[in-house]
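Subject: Structure for your attention, with notes

Dear colleague,

I am handing over the structure we spoke of, and would be grateful if you could look through it alongside the notes below.

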Amino acid sequence: MATAQILQLPKEEHAAIVVGVKKGGTRAVLEFIRVHPDVRALGTEPHFFDRNYDRGLEWYRSLMPRTLDSQITVEKTPSYFVTKEAPRRIFNMSRDTKLIVVVRNPVTRAISDYTQTLSKKPDIPTFEGLSFRNRSLGLVDTSWNAIRIGMYAVHLETWLQYFPLSQIHFVSGEKLITDPAGEMGKVQDFLGIKRVITDKHFYFNKTKGFPCLKKSESSSLPRCLGKSKGRTHVQIDPEVIEQLRDFYRPYNIKFYETVGQDFRWE
């Protein structure tokens, strides 16, 4: 007689965390990977390793979906990548945790970030006004979060003090749109699970401008990301974009060299 499999709280060594970055494509990665039968994902962002750490590990574990022994638990909180304490805290929970970082051209990412904020607070200053301390001198304001997040090489240094590069997988936010199956194939390889999510799971939604999941077994409707995704970006002066490209270039090059991957943001 076969023994019944018991659902249980996840073991930390069977965990993966999408740690960043905001407006990079983290929601898409989570929604796509949770189609996999060997993955259980938490839908909401727990913000445990940044805002809720004082609630304790038992609180965090209690939020997680119950899993089978063979399953991996995944959560995503994009602000972890830029939180100085997050790498140490995750390492203290489990040094075996696999980390996923979804990155995107930092200039586009900043504009997307600003567009999202503007939709909630229409009276904020202009993108240009927030980006520069002195535009004529080309002094970029690195204290503005939308700019700071895109300095990937700087944030990565903290993570590498605790985790080897082999435990961090970088997803291209651009390729996630143009070749979702290819990018998700690499994510599945990284997690050590069978490539179940393939081309047949996706179709391109022309209205939204990015791929959506075709209908799943449990639902007859295709699954697209929410209304806030695929928002039309604010129009920015091309000269401002050029100045920000120049600013990010050395950070991008250092990032490419560190991770051994050229994301072609130039």
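In what follows, a residue is called buried under 20% relative accessible area, exposed over 50%, and partly exposed in between, with a 1.4 Å probe and protein chains only. Please keep in mind that this is a predicted model, in which local features need pLDDT of at least 70 and side-chain atom pairs count only at pLDDT 80 or more, while totals for chains, interfaces and linings use all residues. Residues are numbered from 1 along each chain as its sequence is written, and side-chain values use heavy atoms, with hydrogens and water left out. Helices (H or I, at least four residues) and strands (E, at least two) are DSSP runs numbered from the N terminus.

I begin with the aromatic residues. Rings of Phe, Tyr and Trp (for Trp, the six-membered ring) are paired if their centres lie within 6.5 Å, and a pair is stacked with planes under 30 degrees apart, edge-to-face over 60, and tilted for the rest. By that criterion, a search of the whole structure gives 25 aromatic pairs. Phe-91 and Tyr-162 form a tilted pair, because their ring centres are 5.8 Å apart and their planes stand at 55 degrees. This pair links distant parts of the chain, since Phe-91 belongs to helix H3 (residues 86-93) and Tyr-162 to the loop between H7 and strand E7 (168-172), 71 residues apart. Tyr-162 has a relative accessible area of 28% and is therefore partly exposed. Elsewhere, ring pairs join Phe-48, Phe-49, Tyr-53, Trp-59, Tyr-60 and Tyr-80 into a cluster.

Leaving aside neighbours within four places in sequence, Pro-46 is in contact with Asn-52, Trp-59, Tyr-60, Leu-63, Glu-75, Lys-76, Thr-77 and Tyr-80. Pro-46 lies in the loop between E2 and H2 and is buried, because its relative accessible area is 6%. His-47 is in the loop between strand E2 (39-41) and helix H2 (57-63), is buried at a relative accessible area of 9%, and has a phi near 50 degrees, a positive value in a residue other than glycine.

The loop between strand E1 (15-20) and helix H1 (26-33) holds Val-21, and the peptide bond that runs from Gly-20 to Val-21 is cis, with omega near -5 degrees. Lys-23 lies in the loop between E1 and H1; its phi is near 60 degrees, again positive in a residue other than glycine, and at 14% relative accessibility Lys-23 counts as buried. As for H1, eight of its eight residues are buried.

Helix H4 (residues 106-120) has 15 residues and reaches 21 Å from its first C-alpha to its last, close to the 21 Å expected, the expected span being 1.5 Å times one less than the number of residues. Its buried residues include Val-107, Ile-111 and Tyr-114, and what covers the buried residues of H4 includes helices H5 (127-131), H6 (145-148), H7 (152-160) and H10 (238-259). Ile-241, which is placed in helix H10, is in contact with Val-107, Ile-111 and Ile-236, neighbours within four places in sequence being left aside.

Finally, H7 and H10 pack at an angle of about 35 degrees with their axes 8 Å apart, where axes are lines fitted to C-alpha atoms, for helices over the stretch in contact, and angles run from 0 to 180 degrees between N-to-C directions. Tyr-152, Ala-153, Val-154, Leu-156, Glu-157 and Leu-160 in H7 meet Tyr-251, Lys-254, Phe-255, Thr-258 and Val-259 in H10. The residues of this contact divide into eight nonpolar, one polar and two charged, where Ala, Val, Leu, Ile, Met, Phe, Trp, Tyr, Cys and Pro count as nonpolar, Asp, Glu, Lys and Arg as charged, and the others, Gly among them, as polar.

With kind regards

Note on methods:
Contact = heavy atoms within 4.5 Å.
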